[in-house]
Amino acid sequence: MTDSLPAGGFETETLNLPGWTHVYSGKVRDLYVPADEAITEKIGQECVLVVASDRISAYDHVLSSEIPDKGRVLTQLSLWWFEQLDVEHHVLASTVEGGVPAEVEGRAMICKKLEMFPVECIARGYLTGSGLVEYKEHGTVCEIPLPEGLVDGSRLEKALFTPSAKAEVGEHDVNITYDDVVAMVGDDIAARLSELTLKIYTRAEEIARERGIILADTKVEFGIDAATGVITLGDEVLTPDSSRFWDASTYAPGKSQPSYDKQYVRDWLTSAESGWDKSSDTPPPALPADVVQRTRARYVEAYEKLTGRTFA
């Protein structure tokens with residue numbers, strides 16, 4: 001998490017956690033810093049408590065409806081992935097014994113404070129989403145030329161590092177080129193960010209495939225650990241909110257693939273039933289109970305298929 005906390009954020013109901021002070025709320029996560037020096041002394045360095053809520057966002061709006069257990073699923077899945085990856089990461093503790101308040105155990109992590117890079121590091125192994133849009137227009141993704149004849153869902157010959165620039169809260173991130181990253185952070189760091197991102201994707205894609213899931217693309221974020229100067233993986237990692245997971249048994253290039261994420265939410269919001277215009281400034285309506293339940297089930301299914309564990 002950031003050494004200087006991000007500006008803006010959302011006004012949300014926050015928790016009263018003894019020893020911790022709320023400092024920021026993003027779309028789905030709330031950040032707290034120690035209000036008691038004893039916490040910093042116990043952890044052994046400056047830290048931040050990252051609490052995942054059950055909030056869900058779509059089309060740059062935080063919805064009034066929540067998805068039960070979403071915060072726990074995302075946190076537990078991230079913790080599992082951190083264990084699988086041979087990459088320096090920001091997690092210091094995730095249990096009550098380690099210092100996490102009992103009120104948020106299971107959906108919170110105590111993490112190193114990082115000075116985050118202003119780059120969303122994205123790896124794509126398949127052509128879809130915004131990459132497909134650019135490919136159809138120019139034959140490229142982030143100005144990287146691709147072969148002719150690719151379709152929605154085509155597997156790429158090799159995974160691509162396709163970064164984006166972080167936008168203000170409520171705005172879309174903007175795809176940028178590798179040269180743009182070099183201009184922002186320098187040659188050496190740009191090369192390291194690309195190397196780490198593709199290393200994470202390659203390993204995670206192998207693990208997911210063994211479990212019958214295709215990892216189409218993923219977004220990760222990195223920062224500098226002020227105590228060590230090491231580039232460190234931060235935020236969440238390889239969750240349905242930051243990655244595009246497909247069921248390998250139903251995968252078929254040439255069409256949109258069902259994904260393990262909030263697709264039920266997006267589909268309902270853009271349906272005639274919702275009556276909502278996503279191009280308007282009007283907040284989205286509350287979700288029907290069946291959409292909430294199916295979305296929760298999809299998150300849990302992703303967790304269980306990837307980890308081999310039963311979500312409780």
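Guide: To start with one side chain, that of Thr-307 comes to 3.0 Å from the backbone nitrogen of Arg-309. Keep in mind that this is a predicted model.

Visitor: Which backbone oxygen does the Thr-307 side chain reach?

Guide: That of Tyr-303, at 2.8 Å.

Visitor: Where does Thr-307 sit?

Guide: In helix α7, which covers residues 289-307.

Visitor: Buried or exposed?

Guide: Thr-307 is buried, because its relative accessibility is 10% and the limit for buried is under 20%.

Visitor: What is Thr-307 in contact with, leaving aside neighbours within four places in sequence?

Guide: Leu-77 and Trp-80.

Visitor: And how far is Thr-307 from Gln-45?

Guide: The C-alpha to C-alpha distance is 31 Å, and the two are 262 residues apart in sequence.

Visitor: New topic. How many aromatic pairs are in the whole structure?

Guide: The search finds seven. One of them is Tyr-59 with Trp-276, whose ring centres are 6.2 Å apart; the planes are at 45°, so this pair is tilted.

Visitor: Where are Tyr-59 and Trp-276 in the chain?

Guide: Tyr-59 is in the loop between β4 (55-58) and β5 (61-66), and Trp-276 is in the loop between α6 (263-269) and α7. Tyr-59 is partly exposed at 27% relative accessibility, while Trp-276 is buried at 10%.

Visitor: What about Phe-161 and Tyr-178, how do their rings sit?

Guide: Edge-to-face, because the planes are at 75°, with the centres 6.4 Å apart. Phe-161 belongs to strand β12 (residues 155-161) and Tyr-178 to helix α4 (residues 178-185), 17 residues apart. Phe-161 is buried at 7% relative accessibility; Tyr-178, with a relative accessible area of 32%, is partly exposed.

Visitor: Which residues form an aromatic cluster?

Guide: Tyr-126, Trp-246 and Tyr-251 form one.

Visitor: Last topic, cavities. How many are there of 30 Å³ or more?

Guide: One. The largest cavity holds about 50 Å³ of space.

Visitor: Which elements give two or more residues to its lining?

Guide: β3 (47-52), α2 (70-84) and β7 (108-112) do. Among the lining residues are Val-50, Leu-74, Met-109 and Glu-236.

Visitor: How does the lining split by class?

Guide: Six residues are nonpolar, two are polar and three are charged. Arg-29 and Arg-107 are also part of the lining.

How values were computed. Residues are numbered from 1 along each chain as its sequence is written. This is a predicted model: local features need pLDDT of at least 70, side-chain atom pairs count only at pLDDT 80 or more; totals for chains, interfaces and linings use all residues. Side-chain values use heavy atoms; hydrogens and water are left out. On a 1 Å grid over the protein atoms alone, a cavity is a set of points where a 1.4 Å probe fits but cannot get out, and a pocket is an open set with protein on both sides within 12 Å along at least five of seven lines; lining residues have an atom within 4 Å of a point. Grid points are joined across faces, edges and corners, and a volume is the space filled by probe spheres set on the points. Helices (H or I, at least four residues) and strands (E, at least two) are DSSP runs, numbered from the N terminus. Ala, Val, Leu, Ile, Met, Phe, Trp, Tyr, Cys and Pro count as nonpolar, Asp, Glu, Lys and Arg as charged, and the others, Gly among them, as polar. Buried means under 20% relative accessible area, exposed over 50%, partly exposed in between (1.4 Å probe, protein chains only). Contact means heavy atoms within 4.5 Å. A polar contact is a pair of N or O atoms within 3.5 Å; within protein, one must be able to donate a hydrogen and the other to accept it, and residues adjacent in sequence count only if both atoms are side-chain atoms. Rings of Phe, Tyr and Trp (its six-membered ring) pair if their centres lie within 6.5 Å; planes under 30 degrees apart count as stacked, over 60 as edge-to-face and the rest as tilted.
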